[in-house]
Amino acid sequence: MSQQEQPRRPQEPVKYGDVFEVSGELADKTIAPEDANMMQAAETRVFGHTQKGGTAAVMQSAATANKRGGFVQQGDATDVAAEHGVTVAQTDVPGARVTTEFVGGQVVGQHVEPMPVGTTAATDAETLGLNLQSAITIGEALEAAVQTAGNKPVDQSDAAAIQAAEVRASGTSVIAPGGIAASAQSAANHNATVDRDEDKIKLVDVLAGATGKLQADKAVTRQDAEGVVSAELRNNPNLTTHPGGVAASVTAAARLNEKADI
């Protein structure tokens, strides 16, 4: 092969912000070989293998390109990954399993795997305090989120999702003064000014007893779930929903209602 035919080295390193929806310090970090190795190990622990075309594969391709370009060497790791870790976490909600992959505490991958409802619906519903004898309502779905993510500090994405849920439950676009949507927005505004998580208002503080706080309630439908998910995604800087959070709980309730044909 002539000199002219030699493959060109990349002119710039592949950074996290080039391939993932991340922000801050991580976005500017060059993807390093050891970062990819840590993600491969994490995926193997959870799935038994690395995911074809998944996060680890993307990171490995980027790290290989960065080695070829001379930007990193074998064994290099970014300080963010080394200090804050590379992890894969799974959260089970009724009818689904949510897998989220993190680098330095930021989400770099997430997918939802439907699970058979016929054999798990009763157990899942019992765990979340849901009643499968009748259709699960929006209020009940919001209360279920307390079981899976009650200790999460309320942020703007939660407030937006709760507002979308309340609007759909009431059938009107008017936000009730003192209702859960108003409380969630106040909590998100407060939390934005507080540094320590232990001092922030949590979802449990807003959603406990949600059914009784709604002016009206209705059975969750797929359309309701799509509206709540869209609201949570739009207001999350990483364009993801929180595992076990408001959108996940409403989605799970809608799925259960469909599967149970209630």
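I started with the largest cavity, and I find its lining made of Glu166, Ser170, Val174, Ala176, Leu214, Gln215 and Ala216. My terms: on a 1 Å grid over the protein atoms alone, a cavity is a set of points where a 1.4 Å probe fits but cannot get out, a pocket is an open set with protein on both sides within 12 Å along at least five of seven lines, and lining residues have an atom within 4 Å of a point. Its volume comes to about 50 Å³, taken as the space filled by probe spheres set on points joined across faces, edges and corners. I count one cavity of 30 Å³ or more in the structure. The lining splits into four nonpolar, two polar and one charged (Ala, Val, Leu, Ile, Met, Phe, Trp, Tyr, Cys and Pro are nonpolar, Asp, Glu, Lys and Arg charged, the others, Gly among them, polar).

A note on provenance: this is a predicted model, where local features need pLDDT of at least 70 and side-chain atom pairs pLDDT 80 or more, while totals for chains, interfaces and linings use all residues. Residues are numbered from 1 along each chain as its sequence is written, and side-chain values use heavy atoms, with hydrogens and water left out.

Next, the largest pocket: I get a volume of about 560 Å³. Of its 26 lining residues, Lys152, Pro153, Asp155, Asn236 and His242 are the closest to the centre. β3 gives the largest share of that lining, three residues. By class I have eight nonpolar, 14 polar and four charged.

Then the helices (DSSP runs of H or I, at least four residues; strands are E, at least two; both numbered from the N terminus). The axes of α8 (residues 156–170) and α9 (residues 180–191) come within 8 Å and cross at roughly 175°. That is why I log α8 as roughly antiparallel to α9 (the cut-off is over 145 degrees, between N-to-C directions of lines fitted to C-alpha atoms over the stretch in contact, on a scale from 0 to 180). On the α8 side, the contact (heavy atoms within 4.5 Å) includes Ile162 and Glu166.

Last, is Lys200 buried or exposed? At 19% relative accessibility, Lys200 counts as buried (under 20% relative accessible area with a 1.4 Å probe, protein chains only; exposed is over 50%, partly exposed in between). Lys200 sits in the loop between α9 and α10 (203–207). Leaving out residues up to four places away in sequence, Lys200 touches Pro153, Asn191, Val194 and Asp195.

Notes: Angles under 35 degrees count as roughly parallel, over 145 as roughly antiparallel, 65 to 115 as roughly perpendicular and the rest as oblique.
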